[in-house]
Amino acid sequence: MLTHPPLANSLVELDRRHLVHPVSSFRGHEARGVRILTSANGATVTDAEGRQLIDGFAGLWCVNAGYGHESVIEAATRQMRELPYATGYFDLGAEAPIRLAAALAERAPGDLNHVYFTLGGSDAVDSTIRFIRYYWHALGQPGRDQFISVASGYHGSTSMGAGLTALPLFHDGFGVPHSWQHKIASHDLYRNPLASEPQAVIAASVAELRAKIAEIGAERVAAFYVEPIQGSGGVLVPPPGWIKAMHAVCREFGILFVADEVITGFGRTGPLFACEDEDIVPDLMTVAKGLTSGYLPMGAVLMSDHVYEVIADGAGAKAVGHGFTYSAHPVSAAVALEVLSLYEGGIFDNGRAMGERLQAGLRSLSDHPLVGDVRGRGMLAAVELVTDKTAKTPLPAALNAATRLFDRAWEQGLVVRSFAQGVLGYAPPLCCTADEIDAIVARTRKVLDLTLEDP
Ligand code: PMP
């Protein structure tokens, strides 16, 4: 156990010297000391100073089942002892990934019956790009090589996936190829003058998507990617019917529709997959995070019958050259199967009840002078801070510092993500108790009060 502050201090120094953190290590002079977590249980994490905090962000929107489930640890240990590894190459396999693929196919909407396992979300998205290119190639339309996604969307950090990601910091300076990807405006409602009329918002997006398709040439558009609720873009919830309308446009032009459920999957918004609420069946779906609840890395691509069959037949006698050493890892799969049985044994039900409590609790903060918007669905939410509620003025730079809000929340015993634009993001474990949800809300109010007093 790491509870001794001098030891923690020396680790902070080692970290600074040697460990390169995603995004935060690249802030140059702004780089700060790492905060070290030492243990976790349920929805609570403990830091190196022994401080206990409610993890309002489930790690990185992933620990949906909560920490410390003995049955998950046992499932992993059993699988490690029996068969820690089996490749999926050369027609080899193992029981756990086969059972997991079948379980996902059984539960996924429509005919998403074919599961390709990856190590996480980015390589799941990357795999869809490769599969889709291959699909159009096999159908004799290799010129269908253009992709459309939604502004402020996030689809991962690999070179191809980062092309679909619309957050500039993920491609500026990295030489990510842009020639094949296009964006339509996001469905952000907060500053949208049409927000009070959802049908007008939908009509505007439909018109924009049609215009984009016409501009590229319908015969060149391979696929459209969407997060049912945008996560990293600031928890942006489209108006009801928006996804269905976009799906209909894609159908009209034979464009493949990909739902990126890396954050929204596995009960995060209520149902197993968020697109179930939208009453559509995507042609492909990507999942990760909640699949293993963060206990081990794993992601997956779910393909519908027609997509899989074209790729499989199109290969003819040739093999399709796409695969990872750790695809369908037996230990990750054993963990995912156990996590799924925990979810269905009561955690999803709890998450749905707690999701309503979280949304109502955070909405009760709307009266606060700094709160411009509260949005979300289920256990996925955001509070957007502004300095002027009528003008919807974003926080000025000093207040806006994401780290300052993060630090303040940490001091109150709450882990939340603070987005650069003054948005606090929430994605607590679905196992949270009512008291923990109430504490998340109360601690947030305290953070807001402190920020009002001392910006
Ligand atoms: N897609 C979405 C919607 C995501 O939110 C993320 C990660 N936040 C990814 C893809 C990439 O997943 P990973 O970080 O596991 O590679």
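In the predicted model described here, the axes of helix α5 (residues 121-138) and helix α10 (residues 305-314) come within 9 Å and cross at roughly 65 degrees, where axes are lines fitted to C-alpha atoms, for helices over the stretch in contact, and angles run from 0 to 180 degrees between N-to-C directions. The helices α5 and α10 are therefore roughly perpendicular to each other, a term for angles of 65 to 115 degrees, while angles under 35 degrees count as roughly parallel, those over 145 as roughly antiparallel and the rest as oblique. On the α5 side, F131, Y134, Y135 and A138 meet V307, V310, I311 and G314 of α10, contact being assigned if the C-beta atoms of two residues, placed from the backbone, lie within 7 Å. The residues of this contact divide into seven nonpolar, one polar and no charged; Ala, Val, Leu, Ile, Met, Phe, Trp, Tyr, Cys and Pro count as nonpolar, Asp, Glu, Lys and Arg as charged, and the others, Gly among them, as polar.

Residues are numbered from 1 along each chain as its sequence is written. As the model is predicted, local features need pLDDT of at least 70 and side-chain atom pairs count only at pLDDT 80 or more, whereas totals for chains, interfaces and linings use all residues. Helices (H or I, at least four residues) and strands (E, at least two) are DSSP runs, numbered from the N terminus.

Of the 15 residues around the ligand, G120, G121, S122, G156 and V262 come nearest, a residue being near a molecule if its C-beta atom, placed from the backbone, lies within 6 Å of it. The shell comprises five nonpolar, eight polar and two charged residues.

Four strands form an open sheet of mixed pairing in the order β1-β2-β3-β14, two strands being paired if DSSP finds at least two bridges between them. Strands β1 (residues 37-41) and β2 (residues 44-47) pair in the antiparallel sense over four bridges; A40 stands opposite V45 in β2, and the bridge partner of S39 is T46.
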